[in-house]
There are 2 protein chains.
Amino acid sequence: MKYCSIGEVSAKFNIPESTLRYYEKKGLLPLVERDEAGRRLFSEDQIALLNTVICLKNTQMPIGEIKRYMDWVVEGDNTIGLRLEMMKKHKQAVLAEISLMMESLEGIDFKIDRYIRRLQEKEEANVQK
Amino acid sequence: MKYCSIGEVSAKFNIPESTLRYYEKKGLLPLVERDEAGRRLFSEDQIALLNTVICLKNTQMPIGEIKRYMDWVVEGDNTIGLRLEMMKKHKQAVLAEISLMMESLEGIDFKIDRYIRRLQEKEEANVQK
DNA sequence: TGTTGACTTAAACCATGGTTTAAGTCGTAT
DNA sequence: ATACGACTTAAACCATGGTTTAAGTCAACA
């Protein structure tokens with residue numbers, strides 16, 4: 001199996017090394033191995049887990065909840081039901097958040113249209129004189 | 001014109017009074033009037049502005065940028081171009097954020113499907129024995 | 001008239017999510 | 001040999017976005 005250094009992972013995902021260390025400390029990246037010198041070795045599995053962390057972060061799941069999920073991953077197969085429920089609930093929360101954003105975008109679009117009209121009126125006033 | 005107290009505004013928008021005061025202090029709610037006793041009076045105009053603040057917050061615009069926008073609103077008509085550009089840019093940022101969330105949701109959906117399948121397999125194993 | 005309830009202020013406090021610093025340990029290319 | 005680059009740690013620091021506290025003012029009702 002191939003292993004990556006923290007620098008390689010950092011470059012690959014464009015995430016600062018300090019953040020990766022912080023995530024590990026907070027329990028978002030469990031079971032990261034070390035070489036003889038104590039340096040982190042990220043396996044393919046770790047990288048798959050990091051991908052999951054990134055998905056959850058991208059959808060604004062707080063760190064404490066990602067940790068809870070990762071604890072369940074480590075705990076094994078008898079937490080699959082719990083993980084399923086968590087992901088279902090999270091998906092609903094994300095969809096609600098997206099709806100809210102879309103709705104709020106309408107208010108912003110309204111402003112955009114008004115500003116465009118007001119600028120046009122200004123233009124016309126300039127042509128008049 | 002009708003005026004609202006901070007308590008009424010708080011109730012109407014379900015935002016803590018402390019947050020409304022904080023927004024005013026940070027410059028997100030400019031020109032709030034006061035009665036003789038120094039209490040805030042929110043006019044219809046203020047409430048329309050608050051609605052805008054809420055749209056911008058819902059779409060994750062940072063407070064510093066909302067303040068910049070409000071400063072332009074106060075400054076008057078010659079900032080309409082600036083406001084238009086800001087809103088257009090913000091709209092694009094929001095659409096990008098929504099896309100990222102949608103994409104990340106696919107990863108989550110994938111997990112959901114896998115967990116459902118694994119639970120079914122467990123069920124079947126139980127029926128077997 | 002006094003005591004609620006709604007409001008005021010400034011300042012302290014808090015959680016979240018990192019980033020930065022300082023001091024040190026390796027491995028390797030010169 | 002040594003110096004450089006990549007890594008390690010713990011702890012301090014930071015920005016953001018509020019929330020809470022303490023002390024006080026005021027209006028209206030009993």
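**Reading the surfaces, the pair and the fold**

Analyst: The surface near DNA strand C is made up of six nonpolar, six polar and five charged residues. Please bear in mind that the model is predicted.

User: Which residues come nearest to DNA strand C?

Analyst: A residue is taken as near a strand when its C-beta atom lies within 6 Å of that strand. There are 17 residues around DNA strand C, and those that come nearest are A:Ser18, A:Ile63, B:Ser5, B:Gly7 and B:Arg40. The elements that supply two or more residues to this surface are α2 (17–26) and α4 (63–75) of chain A, along with α1 (6–13) of chain B. The largest share, three residues, is that of α2(A).

User: Which residues come nearest to DNA strand D?

Analyst: Around DNA strand D there are 17 residues, of which A:Ser5, A:Gly7, A:Arg40, B:Ser18 and B:Ile63 come nearest. Two or more residues are given to this surface by α1 (6–13) of chain A and by α2 (17–26) and α4 (63–75) of chain B. With three residues, α2(B) gives the most.

User: What rotation superposes chain A on chain B?

Analyst: In general, two copies of a chain are related by a rotation about an axis and a shift along it. Here chain A is superposed on chain B by a rotation of 180°, with 0.0 Å of shift along the axis and an RMSD of 0.0 Å. The two copies are therefore related as by a two-fold rotation axis. Within chain A, the residue that comes closest to the rotation axis is A:Ile98, whose C-alpha lies at 3.2 Å. Both copies use the same surface, for 100% of the contact residues of chain A recur in chain B.

User: How many residues of chain A are in contact with chain B?

Analyst: The contact joins 26 residues of chain A to 26 residues of chain B. On the side of chain A that touches chain B, the elements giving two or more residues are α3 (44–58) and α5 (80–128) of chain A. Of these, α5(A) gives the most, with 22 residues. The residues on this side are 14 nonpolar, seven polar and five charged.

User: What pattern does chain A follow along its sequence?

Analyst: One lists the helices and strands in order of sequence. Chain A has five helices and two strands, and their pattern is α-α-β-β-α-α-α. The radius of gyration of chain A is 23 Å, well over the 14 Å that the globule rule gives for 129 residues, so chain A is more spread out than a compact globule. Along the principal axes, its C-alpha atoms fill a box of roughly 80 × 35 × 20 Å.

User: Into which domains is chain A divided?

Analyst: Chain A comprises domain 1 (1–75) and domain 2 (91–129). The centres of these two domains of chain A, taken over C-alpha atoms, are separated by 40 Å.

User: What percentage of the residues in chain A is buried?

Analyst: A residue is called buried if 20 or more other C-beta atoms lie within 10 Å of its own, and exposed if there are 12 or fewer. In chain A, buried residues make up 21% of the 129 residues. In chain B, B:Gly27 counts as partly exposed because it has 15 C-beta neighbours inside 10 Å. B:Gly27 is placed in the loop between α2 and β1 (33–34) of chain B, and it touches B:Lys67, B:Met70 and B:Asp71, leaving aside residues up to four places away in sequence.

User: What is the phi of A:Leu31, and what is that of B:Leu31?

Analyst: Most residues other than glycine have a negative phi. A:Leu31, which is not a glycine, has a positive phi of about 65°, and B:Leu31 has a positive phi near 60°. A:Leu31 is in the loop between α2 and β1 (33–34) of chain A, while B:Leu31 is in the loop between α2 and β1 of chain B. A:Leu31 counts as exposed because it has 12 C-beta neighbours inside 10 Å. B:Leu31 is likewise exposed, with 12 other C-beta atoms within 10 Å. A positive phi, near 55°, is also found at A:Asn14, which follows α1(A).

Technical notes: Residues are numbered from 1 along each chain as its sequence is written. Chains are lettered from A and ligands numbered from 1 in the order in which they are written. This is a predicted model: local features need pLDDT of at least 70, side-chain atom pairs count only at pLDDT 80 or more; totals for chains, interfaces and linings use all residues. Helices (H or I, at least four residues) and strands (E, at least two) are DSSP runs, numbered from the N terminus. Ala, Val, Leu, Ile, Met, Phe, Trp, Tyr, Cys and Pro count as nonpolar, Asp, Glu, Lys and Arg as charged, and the others, Gly among them, as polar. Copies are superposed by least squares on the C-alpha atoms of residues with pLDDT of at least 70 in both. Two residues are in contact if their C-beta atoms, placed from the backbone, lie within 7 Å. Domain bounds come from an automatic or database domain assignment. The radius of gyration is taken over C-alpha atoms; the globule rule is 2.2 Å times the number of residues to the power 0.38.
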